Amino acid sequence: MPSPFNVRLVAVAATASILIFGTLYSVVNNTYLDTSNPLITALPHHLHDTDYFASKKNPLNVYFTKKLWGWTTATFLFHFLTSPNTTRAPVRVAQYILATSIWLAFTGWFFGPPVFDRLTASTGGECVLHLPSGASISVPTDYCYTGTPVSPATHPALFPASLLLPDGEWIARPRLRRGHDVSGHMFLLTLSTLFLVDQLRWSFAKLPGSRTWTAGHRYAVAFAGVVTCVSLFALYTTSVYFHTPFEKFTGYVLGLAAFGATQLPLYLTGSDVPVGQPVRTPAPSKSLAS
């Protein structure tokens, strides 16, 4: 008997193919920006005048990719709350909570600095403050961990006396540079895409009533499909224009591992989406006349 179609593997293959193609294109055509290099990371992308998506200020990056988990959360809630009762399984909420916890641990807080900051610092990262003149100075790593804004007025001890600074008020946040800067965009786009594809499986499950969609659920499935497609396109633009090949690869691998972790609730509870024949309620047996 042939194995059932596994859309999760198709999604993994699609994201990996986009990453490989975009990365190879970026190497051959020199389109990527090394974001860990403090000398150039504060500057506009060298192709921002000719390639629309090379600019960090393009709407796709500003309003979608940088707010991706908000889009993912809205998509999940819309899809889950409009799902048929037979597919509104608690295990799906457990998956979302686990995915959100992983996202927060890697990008926001993990018993102090997030995982990504710890990785950058442990691989030779340096906390760098970019000055209005284009120069940069190193400051203690704690300022990057806490995201503390600094200026000559608030932290005069950090600035050499010989350093010429512009008149008036000036303040900036230091950033970790030079270490291995894992692509956070690649990590999040991979996790979000695979998570949403996994959730969409429930709409096509072989369960009683699972194919009986309300109008709201039809819109939810369409919306999830649009968000997934936009995420794939954003994954492509990230592959082409930002981060070194190794930084993109590690971001993808960590995103893949994070998605793998979201499968644990399914396997621990035995609640995976049915892919065989629809479950049928057995007909009541007829009593035989004596």
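Strand S1 and strand S2 (residues 136-138) pair in the antiparallel sense over 3 bridges. Strands count as paired if DSSP finds at least two bridges between them. Helices (H or I, at least four residues) and strands (E, at least two) are DSSP runs, numbered from the N terminus. The model is predicted: local features need pLDDT of at least 70, side-chain atom pairs count only at pLDDT 80 or more, and totals for chains, interfaces and linings use all residues. Residues are numbered from 1 along each chain as its sequence is written, and side-chain values use heavy atoms, without hydrogens and water.

**The strands**

S1 also pairs with strand S3 (residues 175-177), again antiparallel and over 3 bridges. Two bridge partners are tabulated here.

The hairpin of S1 and S2 has 5 residues between the strands. There, Gly 134 takes a positive phi near 100°. S1 is largely enclosed by the rest of the structure, because 4 of its 5 residues are buried. Buried means under 20% relative accessible area, exposed over 50%, and partly exposed in between (1.4 Å probe, protein chains only).

**The disulfide**

The whole structure holds 1 disulfide (a pair of cysteine sulfur atoms within 2.5 Å). Cys 127 is joined to Cys 144, with S to S at 2.0 Å. The link is right-handed, with 95° about the S-S bond. Cys 127 lies in S1 (residues 126-130) and Cys 144 in helix H6 (residues 141-146), so the pair ties together parts that are 17 residues apart in sequence. Both Cys 127 and Cys 144 are buried. Cys 229, by contrast, counts as exposed, at 52% relative accessibility.

**A nonpolar surface patch**

Trp 109, Phe 110 and Phe 111 form a nonpolar patch on the surface. Together they have about 390 Å² of accessible area, computed by the Shrake-Rupley method with a 1.4 Å probe; for residues, only the protein chains shown count as cover. Trp 109 sits in the loop between helix H4 (90-107) and helix H5 (115-122). Its relative accessible area is 53%, so Trp 109 is exposed.

**The whole protein**

The protein has 10 helices and 3 strands. Along the sequence they follow the pattern α-α-α-α-α-β-β-α-β-α-α-α-α. Of the 290 residues, 43% count as buried. The accessible surface comes to about 15,700 Å², with 66% belonging to carbon and sulfur atoms.

Definitions and conventions: Patches are made of residues with over 30% relative accessible area and no salt bridge: like charges are joined within 9 Å, nonpolar side chains (Val, Leu, Ile, Met, Phe, Trp, Tyr) within 5 Å. A salt bridge is a side-chain nitrogen of Lys or Arg within 4 Å of a carboxyl oxygen of Asp or Glu.
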